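Reader: Can you walk me through this one? I'd like the fold, then the charged side chains.

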Amino acid sequence: ARGLISSRWRNEYIEAKVSAQADVAVVGVKAEAVLNKEEITIKGEVGAALAHGEVKGVLNLFGVRITASAQGEVGGIGVGGNFSTTSHSFEIGGKLSCLLGGGANIKFEW
C-alpha cells in the first residue's frame with residue numbers, strides 16, 4: 001500500500017516543492033554502479049520494513065536545484081547508501097534501520 005501528498009509553489013526566481021510518501025510492507029534490493037568519464041555513481045540498498053515513510057523537498061534557486069529527503073522506517077531492518085557526481089550534479093546519502101531507522105539524502109544540480 002502507498003500514499004502520497006505533494007505541494008508546489010513558484011515565481012520567476014524560486015520554485016519549491018514538498019512531497020511526503022508512506023508505504024506499508026516493503027521489501028527490496030537495489031544496486032547501481034556507473035563509472036565513466038562523465039559520471040561516477042554508486043548506489044545500493046537492501047531491507048524490509050512494516051512501514052516506510054519519506055519526506056522530500058526541492059528548491060530551485062537562481063539555476064541551482066537542491067533536493068533533500070529524509071526517510072524513516074518502523075519494524076524494519078536494512079542498510080543503504082549512495083554517492084554520485086557528474087559535471088553538473090553531486091549527491092550523497094545513506095540509511096540504516098534495525099526495528100527503527102532512518103536516513104537522509106541531498107543532491108545539488110547546476
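**Confidence and fold**

Author: The chain averages a pLDDT of 92, and 100% of the residues score at least 70. pLDDT is the predictor's confidence in each residue, from 0 to 100. This is a predicted model: local features need pLDDT of at least 70, side-chain atom pairs count only at pLDDT 80 or more, and totals for chains, interfaces and linings use all residues. Residues are numbered from 1 along each chain as its sequence is written, and side-chain values use heavy atoms, with hydrogens and water left out.

Reader: Where is confidence lowest, and where highest?

Author: Lowest in strand β1 (residues 2-10), at a mean of 86. Highest in β5, at 96. Strands here are DSSP runs (E, at least two residues), numbered from the N terminus.

Reader: What order do the strands take in the sheet?

Author: The order is β1-β2-β3-β4-β5. These 5 strands form an open sheet with antiparallel pairing. Two strands pair if DSSP finds at least two bridges between them.

Reader: Which are the edge strands?

Author: β1 and β5, each of which pairs on one side only. Neighbouring strands of this sheet are turned by 30 degrees against each other on average, direction ignored. The axes behind that angle are lines fitted to C-alpha atoms, and angles run from 0 to 180 degrees between N-to-C directions.

Reader: How many bridges join β3 to β4?

Author: 21, and the two strands run antiparallel. Strand β2 (residues 14-35) is joined to β3 by 21 bridges. β4 and β5 are also joined by 21 bridges.

Reader: What about the loop between β1 and β2?

Author: Asn11 lies there. The side chain of Asn11 reaches the backbone nitrogen of Ile14 at 2.8 Å. Asn11 is partly exposed, at 36% relative accessible area. Buried means under 20% relative accessible area, exposed over 50%, partly exposed in between (1.4 Å probe, protein chains only).

Reader: Switching to charges. How many salt bridges does the count come to?

Author: 5. The rule is a side-chain nitrogen of Lys or Arg within 4 Å of a carboxyl oxygen of Asp or Glu. One of them joins the side chains of Arg8 and Glu15, at 3.2 Å from N to O.

Reader: Which residues are linked in a network of salt bridges?

Author: Glu45, Glu73 and Lys95. Lys95 sits in strand β5 (residues 89-109). The closest N and O atoms of Lys95 and Glu45 are 3.2 Å apart. That pair links distant parts of the chain: Glu45 is in strand β3 (residues 39-61), 50 residues from Lys95.

Reader: And how far apart are the closest N and O atoms of Lys95 and Glu73?

Author: 2.5 Å. Glu73 is in strand β4 (residues 64-86), 22 residues away from Lys95.

Reader: Which of these count as buried?

Author: Lys95 is buried, and so is Glu73. For Lys95 the relative accessible area is 10%. Glu45 is partly exposed, at 30%.

Reader: What else is Lys95 in contact with?

Author: Leaving aside neighbours within four places in sequence, the contacts of Lys95 include Gln71, Val79, Gly80, Gly102 and Gly103. Contact means heavy atoms within 4.5 Å.

Reader: Last one. Which side chain does His52 meet in a polar contact?

Author: That of Glu73, at 3.1 Å. A polar contact is a pair of N or O atoms within 3.5 Å; within protein, one must be able to donate a hydrogen and the other to accept it, and residues adjacent in sequence count only if both atoms are side-chain atoms. His52 lies in strand β3. His52 is buried, with a relative accessible area of 14%. Not counting residues up to four places away in sequence, His52 touches Gln21, Ala22, Asp23, Val26, Gln71, Gly72 and Glu73.

Technical notes
Helix = DSSP H or I, 4+ residues; strand = E, 2+ residues; numbered from the N terminus.
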